[in-house]
Amino acid sequence: MVPEYPDIVEKSRDRLRQQSWGAAYEIQYGKLTLDAGLQRTSYEHHSWYANGKKIIEQNHSATVTQPYWNLTAQLTDTLMLYASQTRGLEDGGTAPVSANNRYAVMPSSQTREHSIGVRWNGLFNGKAINAV
């Protein structure tokens, strides 16, 4: 079934604002380094759209405080192991024109990223190489 579109022209305008600040502490013990901290993020999404002669405004905001950490182990001068985790907020977007709730501001979603790996930097055929 094809959705019906209104005969009037609708225009929308969005404004997104995201700010973060944080504090971290670093601990070194031999060849191990641990960075850990907290990050506070404020997120605002404002949307306005014109429906005929009427302007409709919708808003969504969120503020979260989330931890992050990073651990490294320098095994040799050229070889390092690492692992980290961080969290954040991602824009939820707005509903499309074809939806019943067109231009509705969707809530932001919390994201999580994990990384683990090996980093090597050295020389290969006389050229500096950095591989992750």
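Which residues does His 60 touch, not counting residues up to four places away in sequence? The legends below take up this question after an overview of the chain, which is shown as a predicted model.

**View 1. Strands of the protein chain in the predicted model.** The protein chain holds six strands and zero helices, and from the N terminus on its elements follow the order β-β-β-β-β-β. The radius of gyration is 23 Å, well over the 14 Å that the globule rule gives for 132 residues, so the chain is more spread out than a compact globule. Along its principal axes, the C-alpha trace spans about 70 × 35 × 25 Å.

**View 2. Surface, contacts and charges of the protein chain.** Of the 132 residues, 23% count as buried, while the chain exposes about 9,800 Å², of which carbon and sulfur atoms supply 53%. Among contacts between residues at least 6 apart in sequence, 53% join residues at least 24 apart.

**View 3. His 60 in strand S3.** His 60 belongs to strand S3, which covers residues 54-74. With a relative accessible area of 19%, His 60 is buried, because the cut-off for that class is under 20%.

**View 4. The surroundings of His 60.** Leaving aside residues up to four places away in sequence, His 60 touches Tyr 43, Glu 44 and His 45, together with Val 105, Met 106, Pro 107 and Ser 108. Ser 108 also takes part in a polar contact, in which the side chain of His 60 reaches the backbone nitrogen of Ser 108 at 3.1 Å.

Terms used. Residues are numbered from 1 along each chain as its sequence is written. This is a predicted model: local features need pLDDT of at least 70, side-chain atom pairs count only at pLDDT 80 or more; totals for chains, interfaces and linings use all residues. Side-chain values use heavy atoms; hydrogens and water are left out. Helices (H or I, at least four residues) and strands (E, at least two) are DSSP runs, numbered from the N terminus. The radius of gyration is taken over C-alpha atoms; the globule rule is 2.2 Å times the number of residues to the power 0.38. Buried means under 20% relative accessible area, exposed over 50%, partly exposed in between (1.4 Å probe, protein chains only). Contact means heavy atoms within 4.5 Å. Accessible areas come from the Shrake-Rupley method with a 1.4 Å probe; for residues, only the protein chains shown count as cover. Lys and Arg count as positive and Asp and Glu as negative; His and the chain ends are not counted. The place of a charge is taken as NZ of Lys, CZ of Arg, CG of Asp or CD of Glu. A polar contact is a pair of N or O atoms within 3.5 Å; within protein, one must be able to donate a hydrogen and the other to accept it, and residues adjacent in sequence count only if both atoms are side-chain atoms.
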